[in-house]
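Hi everyone, thanks for making time. I'd like to walk you through a structure with you looking on, so let's bring it up.

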Amino acid sequence: MNCRVCGADGVRPFLDLGKTPLSDGLVRPEKLDGPEPRFALDVAFCPSCKMVQILEDVAQELLFPEDYPYFSSFSDHLLAHSRRHATNLVETRGLGAANFVVELASNDGYLLHNFVDAGVPVLGIDPAPAQVQAANDKGVRSICRFFGIELAEELLAAGEPQADVIIANNVCAHVPDLNGFVAGMKRLLAPGGLITIENPYVRDLIDHCEFDTIYHEHLFYHSCTGIAGLMERHGLHLNHVEYFADLHGGTLRYHVSHDSGRSAELERYLAEEQKIGLDTFRYYEGFAHRVEHLKTELLALLRGLREGGHTIAAYGAAAKGSTMLNYVGIDRDLVSFVVDRNVHKQGLHMPGTHQPILPVEALVEQRPDYTLILAWNFKDEIMRQQAAYTEAGGRWIVPVPKPEVVNP
Ligand code: JHZ
Ligand code: ZN
């Protein structure tokens, strides 16, 4: 098997999650009895470029259909994080009307609107039509396209300036042609400009058993070592890194530019990755066993509660929630419904396991004894927001890093 990014052969699989439905493929009620495609899901490590990746390719039209349901603006925590990022960039780089900020995978304008508010010209690029529409509606100039070297050339030819800042959050996992994507960033970045990239850290995925963040949309699972090599191959340089422990289970923000030079923080991360062997197959070898163990424990916990006569619901129709439900085999007898704040998800059903997705008010109205937090990455925000449910006696279960009943 050849690596998706460096092309070397000898990519080594280390986890098989079986055949799962598409994680964001929420099912309309009238389609519940119809066929639902499932695809194999295997994760592998490339010993040459150190990139962790899945082996399967699902067509982009299936992964990102017209009604792609993920809107970034439903988490207050993510919005606050994004606002801080934008404000910091405006201040530290002195951005104003003469500058230009481009965001790749700009979704509904959740981040760029902060630049618009500060008077900085922006362009959002995202392939999801409803999200692009929502962004334009709030005054964030956005176009509905996949990004790559071709689009970068097209934009420049059409008279767009090169960008002083390019932001690519939670998208470097999603693009099959990662080389074309990075080449496009290189082309679009003005001299002296800055690229910031955020992605969940593969170290946290492995160490905290966050296997549910693996699904067909996520082709890559990043590290400093992997990103540094990727950037070098395209004439860009990874200069600095920041860590956010409480975002998506542990997120790294990479700072990339045309210029070489590494911060002490980045050197520390690179050295640490080497020290723990993150750049060797050994690091990933025991993971499959730990994932299986989590599955057994979670099933035992949920079955035990049901046998004791308790009712169970779930919070968060997240993509990761679909991996969790389907891999573990949590059917409607175990967890009867899922709640979510995203109005575009309500009224639909979870892929594969088919729990209905209801507004979050259903927790207080129906008072399930336990609620499994599928969006565990936002567990603090969720439990704070659902204080009334907790006060009424509702209890919470988090599935990772190990299944347990938690008290807020
Ligand atoms: P959320 C997302 O994955 C999207 P997902 C994407 N696949 C990606 O790459 C990763 O992030 C990094 C809801 N919610 O964002 C909103 C509430 O209802 O963790 C979402 O539907 N109330 C591109 O889909 C879901 O939970 C709340 O208070 O796995 C969270 O999904 C909050 C905070 C969220 O991830
Ligand atoms: Zn490789």
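Which are the buried residues of α12? Please bear in mind that this is a predicted model. The buried residues are Ala319, Lys320, Gly321, Ser322, Thr323, Met324, Leu325, Asn326, Tyr327 and Val328. In other words, helix α12, residues 319-328, has 10 of its 10 residues buried. And what covers them? The cover includes two strands, β1 (12-21) and β2 (38-45), along with helix α11 (287-307). Just past the end of α12 you'll find Gly329, with a positive phi of about 85°.

Now let's move to a loop. Between α9 (264-276) and α10 (282-285) sits Asp279. Is Asp279 buried or exposed? Asp279 counts as buried, because its relative accessible area is 14%, and the cut-off for buried is under 20%. If we set aside neighbours within four places in sequence, Asp279 is in contact with Phe45, Lys50, Thr225, Glu273 and Gln274. For a sense of distance, Ile167 is 112 residues from Asp279 along the chain, and their C-alpha atoms are 26 Å apart.

Cys144 is partly exposed, at 36% relative accessibility. Cys6 is also partly exposed, with a value of 30%.

That's my tour, and I'm happy to go back to any part of it.

Terms used:
Residues are numbered from 1 along each chain as its sequence is written. Chains are lettered from A and ligands numbered from 1 in the order in which they are written. This is a predicted model: local features need pLDDT of at least 70, side-chain atom pairs count only at pLDDT 80 or more; totals for chains, interfaces and linings use all residues. Side-chain values use heavy atoms; hydrogens and water are left out. Buried means under 20% relative accessible area, exposed over 50%, partly exposed in between (1.4 Å probe, protein chains only). Helices (H or I, at least four residues) and strands (E, at least two) are DSSP runs, numbered from the N terminus. Contact means heavy atoms within 4.5 Å.
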